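This briefing sets out the main features of the structure shown below.

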Amino acid sequence: MTPSGDEMTDMRLYRPRVSTWWWTRKRSYFVFVMRELSSVFIAWFVVYLLLFVYAVGQSEAAYRRFLGWASAPWVVGLNVVALVFVLLHTVTWFSLTPQAMDVRLDGRRVPGFHIIAGQYTGLLVVSLFVLWLVTQ
Amino acid sequence: MADSIQMRVSRFRPETDSQPHFQEYDVPLRKEWTVLDGLNHVKNEVDTTLSFRWSCRMGICGSCGMSIDGEPKLTCGTFLSDYEPGPVTIEPLANFPVIRDLVVDLSDFMAKLPRVKPWIIRPEDHSHVEPDVEYLQTPVQLDVYRQFSMCINCMLCYAACPVYGLDPDFIGPAAIALAERYDLDSRDHGKGERLDVLTAHDGVWACTFVGECTKVCPKHVDPASAIQRYKLKSALQTVKAFLLPRGAR
């Protein structure tokens, strides 16, 4: 084990402390924390969707009760906030994907914007399919 | 352009100070002067007691990293004129213990670096290899890891990383990028050994992908990419170990 600086020369070091509010110091840190927070709203949308599917599966009355609950101002408000966070989640993670994936064709690295464009294309295709499904 | 600019420099003298304080110096503002030139002017002409590290003045040695207006930067590559009209605040790199003034203690990184085995590991016993044996590599094979080999150990990524600031056990961006550099090398056979170190609790999974390490890197190494690629590799390894019979992994 390598000795630390303190042991080697008996130095008195100043050890800075990280503030609890470090994430408000810089815009990029703030966006990061908001991106992390967005996963809570992703979880909320999953729960919301499950409740919706469950109500549809139960009966028409249950479905109408769900619609009544879902149109309450606080639920609408929560869903609007959740939508904003879900969009933030999508945009930020899509833009980070090329850093995690090293796609190579013929030994050359595929440019990041191709990977990002691929994801948006996928999102569009799935969204159009869902739209087609619910408007049938 | 004004004739001079004020530098607010963080001072810490361990013999007398319990915590750092700022001292102001007015330095000439010249178009070609970097922050390091300003500090050297102070050291040579104004206050010889000021301590800071520097060596090459051309962004290669990685020793002059400091926090400039709160951003980790190489002082030799940062121009004073970009901070006009000033003042410009110079502090030691964040997240490291301060030894004196702008000098930080890097022993933590020095202890972590060898843990990721940043050297080429060969399957054969080195004692039996002829000294003039060449391990050839094609330009395509070189291109796969080249970016990660550009690290100059300047520690800007550690200073920018809030995860390292909050959890000093985290092995950190530069060490992981160097591990990736050797993992991707076609001559290397040490992937398994490094994976054991990097998938430990203080390894890649401690990273939450803030991405600041990549933004501040003066050599465009992209440590955040190295870490995420390692996570992918480690996850695939786990899935393979679970699904495939022993021989096929």
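Among contacts in chain B between residues at least 6 apart in sequence, 67% link residues at least 24 apart; two residues are in contact if their C-beta atoms, placed from the backbone, lie within 7 Å. The model is predicted: local features need pLDDT of at least 70, side-chain atom pairs count only at pLDDT 80 or more, and totals for chains, interfaces and linings use all residues. Residues are numbered from 1 along each chain as its sequence is written, while chains are lettered from A and ligands numbered from 1 in the order in which they are written.

**Overall form of chain B**

- Chain B contains nine helices and seven strands, where helices (H or I, at least four residues) and strands (E, at least two) are DSSP runs numbered from the N terminus.
- Along the principal axes, the C-alpha atoms of chain B occupy a box of roughly 70 × 40 × 35 Å.
- Of the 249 residues in chain B, 39% count as buried; a residue is buried if 20 or more other C-beta atoms lie within 10 Å of its own, exposed if 12 or fewer, and partly exposed in between, with C-beta atoms placed from the backbone.

**Domains of chain B**

- Chain B is assigned domain 1 (4–104) and domain 2 (107–248), with bounds that come from an automatic or database domain assignment.
- Taken over C-alpha atoms, the centres of domain 1 and domain 2 of chain B are 31 Å apart.
- The contact between them involves 13 residues of domain 1 of chain B and 12 residues of domain 2 of chain B.
- On the side of domain 1 of chain B that touches domain 2 of chain B, β3 (65–68) and β4 (71–74) of chain B each supply at least two residues, and β4(B) gives the most, with three residues.
- That side of domain 1 of chain B comprises six nonpolar, six polar and one charged residue; Ala, Val, Leu, Ile, Met, Phe, Trp, Tyr, Cys and Pro count as nonpolar, Asp, Glu, Lys and Arg as charged, and the others, Gly among them, as polar.

**Contact between chains A and B**

- Chain A contributes 20 residues to the contact and chain B contributes 28 residues.
- On the side of chain A that touches chain B, α2 (27–58) and α4 (73–100) of chain A each supply at least two residues, and α2(A) gives the most, with four residues.
- By class, the side of chain A that touches chain B has 10 nonpolar, six polar and four charged residues.

- Beyond its neighbours within four places in sequence, B:C157 is in contact with B:P173, B:A174, B:C213, B:V216, B:C217 and B:P223.
- The axes of α6(B) and helix α9 (residues 223–243) of chain B come within 8 Å and cross at roughly 65°; axes are lines fitted to C-alpha atoms, for helices over the stretch in contact, and angles run from 0 to 180 degrees between N-to-C directions.
- In this pair, B:P173, B:A174, B:I176, B:A177 and B:E180 of α6(B) meet B:P223, B:A226, B:I227, B:R229 and B:Y230 of α9(B).
- The contact of α6(B) with α9(B) has eight nonpolar, no polar and two charged residues.

**Local backbone features of chain B**

- A cis peptide bond joins B:E84 and B:P85, with omega about 0°, and B:P85 is in the loop between β4 and β5 (88–91) of chain B.
- The peptide bond from B:G86 to B:P87 is also cis, with omega near -5°, and B:P87 lies in the loop between β4 and β5 of chain B.
- B:R57, although not a glycine, has a positive phi of about 65°; B:R57 is in the loop between α1 (35–46) and β3 of chain B.
- B:D222, although not a glycine, has a positive phi of about 60°, and B:D222 counts as buried because it has 23 C-beta neighbours inside 10 Å.
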